[in-house]
Amino acid sequence: MKVLLAGLCTVDVVQRVGELPAPGEKVQSLRVDVAAGGPATNAAVTAAALGAEATLLTVLGAHPLAALARADLEAHGVRVVDLDPARTGPPPVSAVAVRDRDGERTVVSRNAAGSEATWSGDVDADVVLVDGHHPKVALAVARAAGDVPVVLDAGSWKPVLDELLPLVDVAACSAHFTAPEPGLHARGVPTVVTTAGPGPVRWSTADGGSGEVPVPAVEARDTLGAGDVWHGALAVAVAREPTVTDRIRFANEVAAERVRHVGPRSWTTAIAGRNRT
């Protein structure tokens, strides 16, 4: 099974701390990790761990920091297509603090603001995921998808969504996502799914169907990237599972496994090959 993912790749510097620092306070971390991050990137790592052939379209460039992200992705089975390999500036860097007692995190990131990256080609995949962070790339991929299902990781409203949403089959939204009127179904999205952290995941379809799927109760040790992992698992399930509830249930189980593990990549071995495609 093949998954094509288009979107943001960052370098995440992750500090695990006893308590999140207050303004002006300095704390010493318990551990530090450096890994590739970003919605489409973590989703790609998830798809690869689940046994899919994962290809990530993104922008990294030639800066030494980009080599860290590229090495991490290659080590976890993700094929990277760099859309601007000669770029000399650093890739986006995320400063992350994760609280040890409950896995809650804070993230400061530049993301891909102002990106003009482009892509052209054919979509050779069973499912596509876009996160909208490289707007022209997201549109090009969605337009080229044809009959291939397109999943949108909708973390926040972006201007590109006015054009992108009519090309989307499944909009997977965070609890904080809000769209201007009309709603997503009126904008042409057949299926809308909304996560709520540990709360049930709600779904609705353009033909009037709706429901919710509970999330497994687990002890959360690290919530960094859990939503991205959920989206990656959902993309795999969209290409494989027959119903919306089956797809959500599978994504919930994979994301629950992620939050049980400390560190940005330790969870991959726990889900490796789960219901391998």
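**Close-up views of a predicted model**

View 1. At a relative accessibility of 4%, R16 counts as buried, because buried here means under 20%. In this predicted model, R16 belongs to strand 2, which covers residues 10–17. The side chain of R16 makes a polar contact of 2.7 Å with the side chain of D100, and it also reaches the backbone oxygen of R221 at 2.5 Å. When neighbours within four places in sequence are left aside, the residues in contact with R16 are S29, L30, R31, V98, R99, D100, R221, D222 and V262.

**View 2. The largest nonpolar core, with helix 5.** The largest nonpolar core has 46 residues, of which L5, W230, L234 and I248 touch the most other members. Helix 5, residues 226–238, supplies the largest share of this core, namely 8 residues. For L234, once neighbours within four places in sequence are set aside, the contacts are V151, V170, A172, R247, I248 and A251. Another core, of 32 residues, lies apart from the largest one and includes A140, L165, A171 and L184. In soluble globular proteins, nonpolar side chains tend to be buried together.

**View 3. Helix 3 and what covers it.** Helix 3 runs over residues 135–144, and within it V137, A138, L139, A140, V141 and A142 are buried. The cover over the buried residues of helix 3 includes strand 1 (2–6), strand 4 (53–58), strand 8 (127–130), strand 9 and helix 4 (161–164). After helix 3 comes G146, which has a positive phi, near 60 degrees.

**View 4. The largest pocket and its lining.** The largest pocket holds about 1400 Å³ of space. Its lining is made of 46 residues, and those closest to the pocket centre are R105, T223, A226, G227 and D228. Two or more lining residues come from each of strand 2, helix 1 (39–49), strand 6 (93–99), strand 7 (105–109), strand 9 (150–154), strand 11 (191–196), helix 5 and helix 6 (244–259).

View 5. An unreviewed UniProt entry places the feature "domain: Carbohydrate kinase PfkB" at residues 2–266.

Note on methods
Residues numbered from 1 in each chain as written. Predicted model: local features only at pLDDT ≥ 70, side-chain atom pairs only at ≥ 80, totals over all residues. Heavy atoms only, no water. Core = buried A, V, L, I, M, F, W, Y, C linked by side-chain atoms within 4.5 Å. Buried < 20%, exposed > 50% of the residue type's maximum accessible area, 1.4 Å probe, protein only. Helix = DSSP H or I, 4+ residues; strand = E, 2+ residues; numbered from the N terminus. Contact = heavy atoms within 4.5 Å. Polar contact = N/O pair within 3.5 Å; in protein donor to acceptor, adjacent residues only side chain to side chain. UniProt positions renumbered as here; feature names shortened; annotations may be inferred. 1 Å grid on protein atoms, 1.4 Å probe; cavity = no way out; pocket = protein on both sides within 12 Å on 5 of 7 lines; lining within 4 Å. Points joined across faces, edges and corners; volume = space filled by probe spheres on them.
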